[in-house]
Amino acid sequence: MASWWDSVELWVAGLPFVPQFAVVLAAMVPVCLAIAYLLDRTLRVALRVLGRDRIAAREAAVPATAQPRRIRKEAA
């Protein structure tokens with residue numbers, strides 16, 4: 001595995017900049033999307049277990065009339 005990875009690394013490092021950028025981008029975009037998806041799911045489950053999603057839902061359900069009214073000052 002290590003020798004295969006070394007050969008891939010040397011191949012990518014030997015490419016000119018534009019193809020090197022394209023290869024790295026083609027490899028990293030799916031990896032980063034997968035990591036973001038897994039983090040999103042993990043945090044969603046953790047917040048559900050902690051009850052934070054219910055708190056946010058309750059706060060969103062509070063009617064707007066419960067907020068204090070702003071008093072407008074009239075121009076002199």
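## Helix H1

H1 is hardly covered: one of its 13 residues is buried, where buried means under 20% relative accessible area with a 1.4 Å probe, counting protein chains only. From first C-alpha to last, H1 reaches 18 Å, close to the 18 Å expected at 1.5 Å a residue; the expected span is 1.5 Å times one less than the number of residues.

## Model and conventions

This is a predicted model, in which local features need pLDDT of at least 70 and side-chain atom pairs count only at pLDDT 80 or more, while totals for chains, interfaces and linings use all residues. Residues are numbered from 1 along each chain as its sequence is written, and side-chain values use heavy atoms, with hydrogens and water left out.

## Fold and surface

The chain has three helices and zero strands, in the order α-α-α from the N terminus. Helices are DSSP runs of H or I with at least four residues, and strands are runs of E with at least two.

Of the 76 residues in the chain, 3% are buried.

## Largest pocket

The largest pocket has a volume of about 180 Å³, taken as the space filled by probe spheres set on the grid points. A pocket is an open set of points on a 1 Å grid where a 1.4 Å probe fits, with protein on both sides within 12 Å along at least five of seven lines; lining residues have an atom within 4 Å of a point.

Its lining consists of Trp5, Val8, Glu9, Val12, Val23, Val24, Ala27 and Met28. Helices H1 (2-14) and H2 (17-50) each supply at least two lining residues. By class, seven are nonpolar, none polar and one charged.

How values were computed. Buried < 20%, exposed > 50% of the residue type's maximum accessible area, 1.4 Å probe, protein only. Nonpolar A, V, L, I, M, F, W, Y, C, P; charged D, E, K, R; others polar.
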